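Have a look at the picture and the sequence, and then read on.

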Amino acid sequence: MEVVALKKIDLVLSKLSKGIEWIMITALGAMVVAMFAQVVLRYVFGTGFPWTEELARFLMIYMIFLGTIVLVHGDGQISITVLDEILKGQALKFLKAFQYLVGVVYSIFVTKIGFNTLAIVSKQKSPNMRISMDKIYIIIPICTAIIAVHLLVKLVQLFTNNNEMEGLE
């Protein structure tokens, strides 16, 4: 029963990851179009939009945090693997569990701080686009909360998948 629920959660997270990839592709496309238009307007017509650089900066921030979710989902985040390569069996399993647990604690911490920060930054507006900065900063706690869920699922799977992880046999 628990394994079935875990597989459903993992399926939802997989679909979420795929959706995020498409959001990132769209954001990158929007960023390229905005910056291309800015270059053309500035060098051909001698004028430009004041908001394109700010839009590109905000889209890049969103893509970074959304990309982190995709990387965590696929175990693609940067890591030091010296111990992973040395350890086998139960020792490797407990090392992975420790790594996931540290990631969960850190993600929860950043999520909490991120939500607390929103009250402060909601009073600020971006210089050119004049949007409330909490619309920009909201990506941080949302993404770190999703990362925490991803890591929790990986932690539970580590102990429920009967040593399916490579090197644990």
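## Sorting the residues

Before we get going, here is how residues are sorted: Ala, Val, Leu, Ile, Met, Phe, Trp, Tyr, Cys and Pro count as nonpolar, Asp, Glu, Lys and Arg as charged, and the others, Gly among them, as polar. By that scheme, the lining of the largest pocket has 11 nonpolar, 7 polar and 2 charged residues.

What you see is a predicted model, where local features need pLDDT of at least 70, side-chain atom pairs count only at pLDDT 80 or more, and totals for chains, interfaces and linings use all residues. Residues are numbered from 1 along each chain as its sequence is written, and side-chain values use heavy atoms, with hydrogens and water left out.

## The overall picture

The chain has 6 helices and 0 strands (DSSP runs numbered from the N terminus: H or I of at least four residues for helices, E of at least two for strands). Going along the sequence, that gives the pattern α-α-α-α-α-α.

The C-alpha trace spans about 65 × 35 × 35 Å along its principal axes. The radius of gyration of the chain is 20 Å, whereas a compact globule of 169 residues would be near 15 Å (taken over C-alpha atoms, with the globule rule being 2.2 Å times the number of residues to the power 0.38). Of the 169 residues, 32% count as buried (buried is under 20% relative accessible area, exposed is over 50%, partly exposed is in between, with a 1.4 Å probe and protein chains only).

How confident is the predictor? The mean pLDDT of the chain is 91, and 95% of its residues reach 70 or more (pLDDT is the predictor's confidence in each residue, from 0 to 100).

## Charged partners

How many salt bridges does the structure hold? There are 5, each being a side-chain nitrogen of Lys or Arg within 4 Å of a carboxyl oxygen of Asp or Glu.

Take Arg 42 and Glu 53, whose closest N and O atoms are 3.4 Å apart in their salt bridge. Arg 42 lies in helix H1 (residues 2-44) and Glu 53 in helix H2 (residues 52-73), so the pair ties together parts that are 11 residues apart in sequence. Arg 42 is partly exposed at 41% relative accessibility, and Glu 53 is partly exposed at 39%.

Asp 75 and Lys 154 also meet in a salt bridge, at 3.4 Å from N to O. This pair links distant parts of the chain, 79 residues apart: Asp 75 is in the loop between H2 and helix H3 (82-86), and Lys 154 is in helix H6 (residues 139-160). Asp 75 is partly exposed at 44%, but Lys 154 is buried at 12%.

Then there's Asp 84 with Lys 96, at 3.0 Å between the closest N and O atoms. Asp 84 in helix H3 and Lys 96 in helix H4 (residues 89-121) are 12 residues apart. Asp 84 and Lys 96 are both buried.

## The largest pocket

The largest pocket holds about 580 Å³ of space (a volume is the space filled by probe spheres set on grid points, which are joined across faces, edges and corners). On a 1 Å grid over the protein atoms alone, a pocket is an open set of points where a 1.4 Å probe fits, with protein on both sides within 12 Å along at least five of seven lines, and lining residues have an atom within 4 Å of a point.

The lining is made of 20 residues, with Gln 77, Ile 78, Gln 99, Gly 103 and Leu 151 nearest the centre. H2, H4 and H6 are the elements that give two or more residues to this lining. H4 gives the most, with 8 residues.
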